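Trainee: Could you walk me through how to read salt bridges and pockets in a model? I'd like the general idea each time, then the case at hand.

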Amino acid sequence: MRYISYRSKLRLRGALTGALIAVLVLAALGIGAFLYLARYIVYTPEGARLDFSAGQDAASPLGATFQVERPDPIPGAGLVADTGPKEPQTITRITGYYADSDMLTDPEGLRAALRGIATPAAVLLDVRSIYGNFYYPSALDGAQTSTLINATAVEALIRELAANPSLYLIAWLPALRDPAYALAHQSCGLSLPSGALWMDSEGCYWLDPDNDQVVGYLEQTARELQGLGFDEVVFDDFHIPDGAAIYYKGDAANAVTEAARRLQANLDGIAVSFSTQNAALAPYAAHIFFKENDGAQVSALAAPFAGALEPLSDHLVFLTSSRDTRFEAYCVLRPALESGG
């Protein structure tokens, strides 16, 4: 048997110890790498994969984040919690009352007036000003609440009306006239040749209907209204103004029509309507709304929609304080409170 010297034994023992340490170090590095990469594991219906853009907010006990892929949110829109919208109602002919922003300053008087109406009936409420301020506490990202109206009291009124199964609740929304949103997202606004936002005679900025973020914002607003209990949303100011100074390179008419089509196609459970004289929007509208007190204008306003909406008597809705009998051929909503009440 070959004799191994003491010095050789020491060298062999050192080599084995070094090899063991190297193995332990490599194992530790491997475990560390696994724990680090685990936070980027994304589980999809096709299996698991690494995604280094994945968020790291919610950690597991091992420091890893496990998430399920979901569609991207609508650009620039805040997340709206599902508040369990009521089942959508169907209505053949709208008759009832409307409440504009002036009436909303007296929510108790409005509540008392509506409590005494005969049902079933439709009730239309303003929900946002032309300056972009909401009349209820909106949860939309960046939403501003009006300081001229008790928004909490209006929200309570909305929920009370929505809980009444005999009422058909309609929201009136100035869609593309929204200075608050335009200022916060200036690439979404209509502009001058200089790039500055174009302003109308009432000091309002307008949004571009051809902008995906704008359409997404309107969809999110409609879904929030649906969650509050509204059965229908009326998009007012749904056009590009005739401002000679507006710098618009696209087809304005087509942009408006396409935006209407997308809203009608993407919104389920809440009826989509428009306040407009543009008959091109008729195919995408549950109803067409007019604010008009002159009975002599009724026929002229109805004429462009003949053939596009049948029967016209069920699809055209007039908001009017007039008792002119020419309005009675169509749907009519009258003031819930007397002017100044």
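Mentor: Let's start with burial: buried means under 20% relative accessible area, exposed over 50%, and partly exposed in between (1.4 Å probe, protein chains only). Bear in mind that this is a predicted model, where local features need pLDDT of at least 70, side-chain atom pairs count only at pLDDT 80 or more, and totals for chains, interfaces and linings use all residues. Residues are numbered from 1 along each chain as its sequence is written, and side-chain values use heavy atoms, with hydrogens and water left out.

Trainee: Fine. What counts as a salt bridge?

Mentor: Side chains of opposite charge can pair when their charged atoms come close. The rule here asks for a side-chain nitrogen of Lys or Arg within 4 Å of a carboxyl oxygen of Asp or Glu. That gives 14 salt bridges.

Trainee: Are E108 and R111 buried or exposed?

Mentor: One of each: R111 is buried at 10% relative accessibility, while E108 is exposed at 52%. Their side chains form a salt bridge, 2.6 Å from N to O. Both sit in helix α3 (residues 107–115), 3 residues apart, which means about one helical turn separates them. Helices, by the way, are DSSP runs of H or I with at least four residues, strands are runs of E with at least two, and both are numbered from the N terminus.

Trainee: Which residue does R261 pair with?

Mentor: E258, with the closest N and O atoms 2.7 Å apart. R261 is partly exposed at 33%, and E258 is partly exposed at 31%.

Trainee: And E328?

Mentor: E328 bridges to R334, closest N and O atoms 2.8 Å apart. E328 is partly exposed at 40%, whereas R334 is buried at 9%. Elsewhere, shared partners link E108, R111, R115 and E160 into one salt-bridge network.

Trainee: How many residues line the largest pocket?

Mentor: Rolling a probe the size of a water molecule over the atoms shows where empty space is left. On a 1 Å grid over the protein atoms alone, a pocket is an open set of points where a 1.4 Å probe fits, with protein on both sides within 12 Å along at least five of seven lines; lining residues have an atom within 4 Å of a point. Here 45 residues line the largest pocket, with Y98, D100, S101, D102 and M103 nearest its centre. Strand β4 gives the largest share of that lining, 5 residues.
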